[in-house]
Amino acid sequence: LFAAGLAAQCDVVVKRARQILSAHGAPLPLVINVLGLSRGGIAALLLAKALARLPRALAPRVELSLCLFDPVPGNGITSARWLDVLGLSTARSVMDVSHCSIARCLALYPHEPLPALAFHAPVLPRYPARCALVEDATLGCHQGALYPVGTVKQHAPELYPACALAAARICRFFAECGTRLHFGRELAPLDDAAALA
């Protein structure tokens, strides 16, 4: 509910990024591509905020791309927006990432909601003006849209369209960011289509 431990994990990534950026040699850019599902999407947004605190000499060399799949903070969005004036809740802490250096972001939101009791309201943050942003609705329901495509096709064919669409969109986004994902034989047609699109 409180996303305990995400900040510490982000600190580990930032520490490693600093080591890479401070290494001797040519000042090459550091490309960081992140995929986050649900609370992982919140972790990706927290990572963007943590990377924004890098020293001025290092920060411009980071090229950050985020793929967020139904980023859910685990606490109420409405209450966080209006009652959390100090920004202490997980939801409130990631509602505005406009000061971060996010080069690209694909944010996908499955169209089938979970029950309100699940505290499953996704965040739609404010992004930087220079971010190449795509926010889109997609088929499916939360994690049910990201099951392994080959398994779903065989054992739960009703989930196949949502899972195949999500896999193709994610694969294409990462190909555009320079990271080639390979899903194996069961996704070969989608994998090839995503790489060519």
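**Close-up 1. The side chain of Arg53 and the backbone oxygen of Lys49.** In this predicted model, the side chain of Arg53 comes to 3.4 Å from the backbone oxygen of Lys49. Arg53 itself lies in the loop that runs between helix α2 (39–51) and strand β2 (62–69). Because its relative accessibility is 61%, and anything over 50% is called exposed, Arg53 counts as an exposed residue. Although Arg53 and Cys100 are 47 residues apart along the chain, their C-alpha atoms are separated by 8.8 Å.

**Close-up 2. Helix α2 and what covers it.** Helix α2 consists of 13 residues and reaches 18 Å from its first C-alpha to its last, which is close to the 18 Å expected at 1.5 Å a residue. This helix is mostly covered, since 10 of its 13 residues are buried. Among these buried residues are Gly41, Ile42, Ala43 and Ala44, and the list also includes Leu45, Leu46 and Leu47. The covering of the buried residues of α2 includes helices α1 and α4 (90–93) as well as strands β1, β2 and β3 (102–110).

Close-up 3. Helix α1 takes in residues 6–22, and its 17 residues reach 24 Å from the first C-alpha to the last, close to the 24 Å expected at 1.5 Å a residue. The buried residues in α1 are Leu6, Cys10, Val14, Ala17 and Leu21. They lie on the same side of α1, because they cover an arc of only 65 degrees around the axis. An α-helix has 3.6 residues a turn, so residues three or four places apart point the same way. The face of α1 turned away from this buried side carries Gln9, Val12 and Lys15, which are exposed. On the buried side, the residues of α1 pack against strand β1 (30–37), helix α2 and strand β2.

**Close-up 4. Ser38 in the loop between β1 and α2.** Ser38 is found in the loop that lies between strand β1 and helix α2. With a relative accessibility of 15%, where buried means under 20%, Ser38 counts as buried. Its side chain makes a polar contact with the side chain of His142, at a distance of 3.0 Å. When residues up to four places away in sequence are not counted, Ser38 touches Phe69, Asp70, Pro71 and Val72, together with His142.

**Close-up 5. The aromatic pair of Phe173 and Phe174.** The count of aromatic pairs in this structure comes to one. In this pair, Phe173 and Phe174 are arranged edge-to-face, with 5.5 Å from centre to centre and 80 degrees between the planes of the rings. Both Phe173 and Phe174 are buried.

**Close-up 6. Cys131 and the nearest cysteine sulfur.** The structure holds zero disulfides, and Cys131 is accordingly in no disulfide, with the nearest cysteine sulfur, that of Cys105, 5.3 Å away. Because its relative accessibility is 10%, Cys131 counts as buried.

**Close-up 7. The chain that surrounds these views.** The chain has seven helices and four strands, and from the N terminus on its elements run in the order α-β-α-β-α-α-β-β-α-α-α. Of its 197 residues, 43% count as buried. Among the contacts in the chain with a separation of 6 or more, 72% are accounted for by residues 24 or more positions apart.

Terms used:
Residues numbered from 1 in each chain as written. Predicted model: local features only at pLDDT ≥ 70, side-chain atom pairs only at ≥ 80, totals over all residues. Heavy atoms only, no water. Helix = DSSP H or I, 4+ residues; strand = E, 2+ residues; numbered from the N terminus. Buried < 20%, exposed > 50% of the residue type's maximum accessible area, 1.4 Å probe, protein only. Polar contact = N/O pair within 3.5 Å; in protein donor to acceptor, adjacent residues only side chain to side chain. Expected span 1.5 Å × (residues − 1). Arc of directions from axis to C-beta. Contact = heavy atoms within 4.5 Å. Phe/Tyr/Trp six-rings, centres within 6.5 Å; stacked < 30°, edge-to-face > 60°. Disulfide = S-S within 2.5 Å.
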